[in-house]
Amino acid sequence: VDGYDPVAAEHRRVDDLAAGLMTLGLVRGDRIGIWSPNNSEWALMQFATAKAGLVLVNVNPAYRRAELEYAMNKVECKALVLAPALKTSNYLEIASDLMKAGKLPLLKHVVRLGREKTSGMLNFDDIATAGGNAEKMKLADLGPKLQFDDAINIQFTSGTTGHPKGATLSHHNILNNGFFVAEGLKLTSTDRLCIPVPLYHCFGMVMGNLGCLTHGSTMVYPAEAFDPLATLQAVAEERCTAL
């Protein structure tokens, strides 16, 4: 379409989502979880939370009930964005059961992906358009106040022989990590990176998403979760230059 700028359009989507998250009463430093396989909403959340000064808490898509409860309470998440389900795990049912049982006392908002409605939950698309001029002004005012060493992300790691550890990462940490990995790969704006690894950990969201972001490269997600055939098809069909 003549005059259509996809980069500017995605920038607006990120700003709109950041403003929408502010309508939930979330303020700088609050933690918000994301429990979802790979999709575009995951990437939008990564960038929108950073702009809003929120700490994104990555929840492993393979987590079960007890692990979700532990992670949400450990870092005091006030909100959770989740997909309806993945494979045999019904995320909506698990989250609803925990909330009804009073197991997530600090969790104030649950936002679900998809167009269907779930009692007690908000819809992602509604939040992404909920912010008005007041929230957008707050967002613009907040930008210069955010610092490079502010916490931006919490990733749960290990847990093989005990509870997972919540590692807190800063803008400085993950942006430089992604940038220098992409420098080593010599990525450019003409490159297209296939990202079949999960976004919930550094390989996907940092070396993948932020490596591409810092070099103007294209991010390609072959499927929600790793699938060998989908990955090979994505490399061929999208003419990926890196994997």
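Visitor: In the largest nonpolar core, which residues touch the most other members?

Guide: This model is predicted. Its largest nonpolar core has 66 residues. Nonpolar side chains tend to be buried together in soluble globular proteins. Here, the residues that touch the most other members are L17, L21, I32, W35, M45, L68 and L82.

Visitor: Which helix gives the most to this core?

Guide: The contributor spans residues 40-51. It gives 7 residues to the core. The helix is α2.

Visitor: Which residues does W35 touch, leaving out those up to four places away in sequence?

Guide: W35 is one of the core residues that touch the most other members. Contact here means heavy atoms within 4.5 Å. With residues up to four places away left out, W35 touches V59, N60, P61, Y63, L68, L80, V81, L82, A83, Y91 and I94.

Visitor: Why are the buried residues of α6 on the same side?

Guide: Helix α6 covers residues 133-142, and its buried residues are E135, L139 and L142. The face turned away from them carries the exposed N133, M137 and A140. The buried residues pack against α1 and α2.

Visitor: How many disulfides does a search of the whole structure find?

Guide: A disulfide needs two cysteine sulfur atoms within 2.5 Å. The closest cysteine sulfur to that of C194 is in C240, 4.7 Å away, so the pair is too far apart for a bond. C212 is in no disulfide either, with the sulfur of C240 nearest at 9.5 Å. The number found is 0.

Key
Residues are numbered from 1 along each chain as its sequence is written. This is a predicted model: local features need pLDDT of at least 70, side-chain atom pairs count only at pLDDT 80 or more; totals for chains, interfaces and linings use all residues. Side-chain values use heavy atoms; hydrogens and water are left out. A nonpolar core is a set of buried Ala, Val, Leu, Ile, Met, Phe, Trp, Tyr and Cys residues joined through side-chain atoms within 4.5 Å. Buried means under 20% relative accessible area, exposed over 50%, partly exposed in between (1.4 Å probe, protein chains only). Helices (H or I, at least four residues) and strands (E, at least two) are DSSP runs, numbered from the N terminus.
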